[in-house]
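The sequence and structure are shown first.

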Amino acid sequence: APVAKTETPAATIPARTANPGESEEASTRGLARFVVGLAVLVALLRFVRLADWSLWIDESLTWTDWHVGLEGGEIKNPAGYWLIAQAVRWCGGVPDEYALRILPAIVGVATVPLTWLAFRRHAGDLRASGAALLLAASSWHVYWSQNARFYTFAQATALVGGWIYLVGLRRGSTVRAVIGLCVAAAGAAFHPSVALLLPALVIAPFVMAIAGRPLDEPARRVARRCFVAGLVVAAVGAKWAFDSWRTYQLQKGFDPSLSESLSSLAHALKTSGFFVTPLLGVAVCVGILTAWKRRDREVLFVAIVVVAAFAGAFALSLFVRVSAQYVFFLLPWVVLVACGPLARGGAVSDAAPDTVSNVEANARVERSVVSEGGARQGLRGGAAVAYLSLLFVPALVTTCLYLTVRQGERPPWREAYQLVWNQRHED
């Protein structure tokens, strides 16, 4: 007789149980992608009313110095002048507001996704995307992106250099790290202040060790070699640095007296409040404290870079006039520290349970600057959205005010000249 075919009830077939960790991580990555997309959209505000604001004197001097100042040799950073002059030529040759500002605006927009790209492997997707969003919403960043000056060029170059340097540390590659330092140094061709980033990057691993949060041995070995290379570069570039310093002192007529030095330091501190607002400053402090508590070496590393570069700028302000825009290149690093309380999201060190051993081994090579406290710490989901919103919404409101009632933070020079011209009389 035929044997009856037995069937196993579907309910008894063991189903693959979803890993809550995987689901949570996928959700965090999805949030990070949404935040990056939002950041890019907000970044486009740099093109809004780009030609509406009157030129201020430094923007006019950009064009004047291209034709006059560079000939005397006193300007040591000609690259930005050349790029803006080429942009004017591409726009028809008339140096109006749009032609002078369009290239800094384009680069300013580009620095937003570049911030995410530069930091996502170091600090994780969610933190990097949060930093990109806060950078996009910063009215200070919008202002300098709508200026016929070179600060967005310097910032973008510093970001690329920092990105390559961090990759070199993570992979234990001295060649990559040195290339990163060289790229960052090239940012000084747009503004000499970018040179402040180099010693900050070089000494950060040593400060980490002193603070009891040392990097892994491959990263420490790279740091030691970069320190030696940095001494060589400093010796080679000493004359250029001194010439730039001396030229700037003469241009500003700086008097190295105690009162003048203290006034200059106060000016540097005060103007820094334009972009390190009280709210952002509190967030930076929270980021540092949580990173220290969690033994989060990624955020601590970036915080040391920020503090060291600011300390260098404030020290220089005792001898030469320093304004906040001279540390504009640091803004992406500052907002990344503010995003420190967030979870990593898509961390390099996160390995799925079913990954093969050689993939895990390759990931381990890139783990030189990974948190000791684990990749799953930090704000996720609704808590991450609430924290980012607390920082993002006020910044966006300020940017909207900048684009409307605050008239781009510029006095209406064009309208003033037109008023005088239209109401002029004999004598």
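At a relative accessibility of 26%, Leu-38 counts as partly exposed (buried is under 20% relative accessible area, exposed over 50%, partly exposed in between, with a 1.4 Å probe and protein chains only). The model is predicted: local features need pLDDT of at least 70, side-chain atom pairs count only at pLDDT 80 or more, and totals for chains, interfaces and linings use all residues. Residues are numbered from 1 along each chain as its sequence is written, and side-chain values use heavy atoms, with hydrogens and water left out.

Leu-38 is found in helix H1 (residues 20–43); helices are DSSP runs of H or I with at least four residues, numbered from the N terminus. Leaving aside residues up to four places away in sequence, Leu-38 touches Leu-133 and Phe-392 (contact means heavy atoms within 4.5 Å).

Arg-297 lies in helix H14 (residues 297–316) and is buried, with a relative accessible area of 6%. The table gives two atom distances for its side chain.

| Partner of the Arg-297 side chain | Distance |
|---|---|
| Asp-216, side chain | 3.4 Å |

The Asp-216 pair is a polar contact, that is, N or O atoms within 3.5 Å, one able to donate a hydrogen and the other to accept it.

In H3 (residues 79–90), Leu-83, Ile-84, Ala-87 and Val-88 meet Ala-99, Leu-100, Ile-102, Leu-103 and Pro-104 in H4. By class, this contact has nine nonpolar, no polar and no charged residues; Ala, Val, Leu, Ile, Met, Phe, Trp, Tyr, Cys and Pro count as nonpolar, Asp, Glu, Lys and Arg as charged, and the others as polar.

Definitions and conventions
Helix = DSSP H or I, 4+ residues; strand = E, 2+ residues; numbered from the N terminus. Axes fitted to C-alpha atoms, helices over the stretch in contact; angles between N-to-C directions.
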